[in-house]
Amino acid sequence: MNEENLTKLLRDYKAGAVSETETLTQLKNLSINSVENLGFASVDHARELRQGFPEVVYAAGKTKEQLRAIFKALYEKSDGNLIATRASREQFEFLTDAVPSAVYDEAARMIYVDRKKIERRADKKILVVTAGTSDVPVAEEARLTSYLLGNSVSTAYDCGVAGIHRLFAHLGEIQRANVLIVVAGMEGALASVIGGLTDKPVIAVPTSIGYGASFNGLAALLAMLNSCAAGVSVVNIDNGFGAGVLASKINRLSCSQ
């Protein structure tokens, strides 16, 4: 049960269309049946009610059988958009008979179902920016996550500080965006630069792109954490999904005002 269904239940009870007993039964079942035990996984069906979107599955490390069972359970007991991150094409092809509407995005490495009609506000746009083309897979994870969670999203890729003029070509987009996700490897300097160009929240995503002394993204992570630009937050290395969720939550707060 999501927020819309719960609201309908309460309105029906208030209008006398549903009895007190039936309403109480459904509310009890909501708490009792919110977790489905699959043996190898406990699927949280109440996540959508609490957080606004269903449980998201981290596919890496799961067998194709496990992912299929979890994704099918979520699909059958939710009407929201569904996401499985860090998924392989093999995992996707194995579950399509159980969830025919599932789609695989090769760049983002995500399996998703886009079935919820959402009015996306153009004035609350999330802009995803990358330093280089090698950062695009992480950026695509952030972009697709943001979109599936109900946001209007645009991108500006390959705008790193090695050719700063490329970034200035997107200055208007940067200043109009409501939230910015900045994805960069190497020394991670792009987040600080963009942080100084906007009064909106900046979510920095360090990537594992770079040569030896980048330490698989640790150098970019530390640089972003030490940014002198105010209002820059930082998620984990290569965590485009986490950035997309955070940007969506910020947007949701601003849209409710």
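Modeller: Let's begin with L225, which counts as exposed because its relative accessibility is 55% (exposed means over 50% relative accessible area, buried under 20%, partly exposed in between, with a 1.4 Å probe and protein chains only). This is a predicted model, where local features need pLDDT of at least 70, side-chain atom pairs count only at pLDDT 80 or more, and totals for chains, interfaces and linings use all residues. Residues are numbered from 1 along each chain as its sequence is written, and side-chain values use heavy atoms, leaving out hydrogens and water.

L225 sits in helix 10 (helices are DSSP runs of H or I with at least four residues, strands runs of E with at least two, numbered from the N terminus). Helix 10, residues 218-225, lies across strand 9, strand 10 and strand 11, and runs at about 160° to strand 10 (angles run from 0 to 180 degrees between N-to-C directions, with axes fitted to C-alpha atoms, for helices over the stretch in contact, meaning heavy atoms within 4.5 Å).

Now to the sheet itself: five strands form an open, parallel sheet in the order 8-7-9-10-11 (strands pair if DSSP finds at least two bridges between them). Strand 8 (153-156) and strand 11 (232-234) are at the edges with a single partner strand each, so one side of each has no neighbour in the sheet. From one strand to the next, the twist averages 25°. Strand 7 (residues 126-130) and strand 9 (residues 179-184) pair over five bridges in the parallel sense, and T130 has V183 in strand 9 as its bridge partner.
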